[in-house]
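Notebook open, model loaded. I'm jotting down what I look up as I go.

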Amino acid sequence: MIDRLQELGKEALEEIKQADTVKALDAVRVKYLGKKGPITEVLRGMGKLSAEERPKVGQKANEVREEIQQQLEQKTEELEKIALEEKLQEESIDVTLPGKEVKRGARHPLTAVVEEMEDIFIGLGFSVTEGPEVETDYYNFEALNLPPDHPARDMQDSFYVTPDMLLRTQTSPVQARTMEKFKGKGPVKIVCPGKVYRRDDDDATHSHQFMQMEGLYVDENVRMSDLKGTLEAFVKEYFGPDRTIRLRPSFFPFTEPSVEVDVSCGICGGDGCRICKHSGWIEVLGAGMVHPNVLTYNGFDPEKYSGFAFGMGVERFAMLKYGIDDIRHFYTNDIRFLEQFKRV
Ligand code: 2U9
């Protein structure tokens with residue numbers, strides 16, 4: 001029996017030596033030291049031994065067991081050390097390698113321009129208000145004094161969704177909705193930026209979808225001079241302090257009187273050049289005093305209140321400031337175009 005134990009010990013130590021993974025070592029442990037292992041088997045048969053043999057065999061069994069145990073521990077430690085070293089080697093980072101370039105995005109130029117415009121108007125006491133892009137015929141036209149036979153209401157000029165609903169053609173319905181919400185009590189002082197839609201053929205200066213920024217100020221004693229001062233302050237802040245504006249008479253159904261607003265040319269300083277078509281002025285805005293009918297339709301008493309309104313195309317302002325010659329650049333998403341506005 002002692003020989004058998006000796007043999008088992010030798011076999012186990014050999015297998016431990018051969019094992020090259022922790023898993024393989026575990027299998028050796030189960031094989032030799034497990035409940036069903038050969039050493040346990042030998043110990044179970046000790047009952048049949050003489051009293052003289054029994055302690056000797058017991059002692060040998062314990063020795064063999066301890067030896068296997070100790071070798072297992074030592075080998076486990078070795079293998080774990082090797083595994084750790086391999087892992088560290090695998091995960092090591094070469095800090096001298098060049099880093100991967102992280103491509104950073106940027107605001108779309110129209111977003112940047114809208115935000116800049118908003119900031120200027122906020123500085124002049126306006127709040128920013130937004131509204132739905134799919135509008136009812138009522139808010140888009142009727143509340144703005146556009147009679148049913150007005151050419152702008154032609155089905156051919158707007159994107160109608162149903163006979164009564166359309167993609168808004170201007171942001172003015174947001175002002176109409178806001179006035180209604182204020183229930184005839186001023187002041188209302190808001191700017192409304194957003195997308196608008198018109199059935200136009202796209203070319204260098206027209207887009208069937210574009211952005212507007214409109215403004216409305218309704219209060220007691222609001223005058224044309226307030227309109228002029230507000231727009232002048234805005235233009236100077238947006239284009240630069242050396243720029244001025246001039247007003248020319250015009251017509252819009254929602255304002256009376258109505259004006260067209262020009263800004264002095266930034267290229268020639270007003271002397272006349274190719275950009276301003278030799279006039280020294282560039283048309284940038286429409287505006288006027290809110291028509292009494294519009295005040296009434298939207299719940300304000302025209303005897304007590306007056307107001308001014310204005311509207312502008314955001315793309316036009318962006319094109320003039322950054323020298324962009326085609327409105328379609330804003331919507332074709334050419335990265336070479338967009339990248340130029342990273343710092344704007
Ligand atoms: C209410 C009352 C009045 C908004 C106005 C204009 C003049 C105007 C155009 C400029 C270029 C549109 O983008 S564009 O084609 N806009 O000329 N818009 S006054 O007047 C309002 C709006 C709402 C309740």
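What covers the buried residues of α7? Before I answer, some ground rules. I'm working from a predicted model, where local features need pLDDT of at least 70, side-chain atom pairs count only at pLDDT 80 or more, and totals for chains, interfaces and linings use all residues. Residues are numbered from 1 along each chain as its sequence is written, and side-chain values use heavy atoms, with hydrogens and water left out.

**Entry 1: α7.** I found that the cover over the buried residues of α7 includes β2 (134–136), α6 (137–140), β5 (188–197), β6 and α9 (292–297). Helices (H or I, at least four residues) and strands (E, at least two) are DSSP runs numbered from the N terminus. The buried residues in α7 are Ser-172, Pro-173, Val-174, Gln-175, Ala-176, Thr-178 and Met-179; buried means under 20% relative accessible area (1.4 Å probe, protein chains only). After α7 comes Lys-183, with a positive phi near 50°.

Entry 2: The ligand is surrounded by 19 residues, and Gln-212, Phe-252, Gly-286, Ala-309 and Gly-311 are the closest. On its own the ligand exposes 570 Å², and the protein buries 88% of that (Shrake-Rupley method, 1.4 Å probe). I also noted a polar side-chain atom of Gln-212 at 2.9 Å from an oxygen atom of the ligand; the cut-off for a polar contact is a pair of N or O atoms within 3.5 Å.

Which elements each supply at least two residues of the shell? They are α7 (172–182), β6 (209–219), β9 (281–290) and β10 (306–313). β10 gives the largest share, five residues.

**Entry 3: the cores.** A nonpolar core here is a set of buried Ala, Val, Leu, Ile, Met, Phe, Trp, Tyr and Cys residues joined through side-chain atoms within 4.5 Å. The largest one has 44 residues, and Met-117, Phe-234, Phe-310, Met-312 and Phe-317 have the most contacts inside it. Apart from it I found another core, of 19 residues, with Ala-12, Leu-25, Val-42 and Val-64 among them. Leaving out residues up to four places away in sequence, Phe-234 touches Met-117, Ile-120, Phe-121, Leu-124, Met-312 and Phe-317 (contact means heavy atoms within 4.5 Å).

**Entry 4: Cys-268.** I placed Cys-268 in the loop between β8 and β9. Why does Cys-268 count as buried? Because its relative accessibility is 16%. Setting aside neighbours within four places in sequence, Cys-268 contacts Cys-273, Cys-276 and Gly-280. Cys-268 and His-278 are 10 residues apart in sequence and 9.1 Å apart, C-alpha to C-alpha.

Terms used: Near = heavy atom within 4 Å. Polar contact = N/O pair within 3.5 Å; in protein donor to acceptor, adjacent residues only side chain to side chain. Buried < 20%, exposed > 50% of the residue type's maximum accessible area, 1.4 Å probe, protein only.
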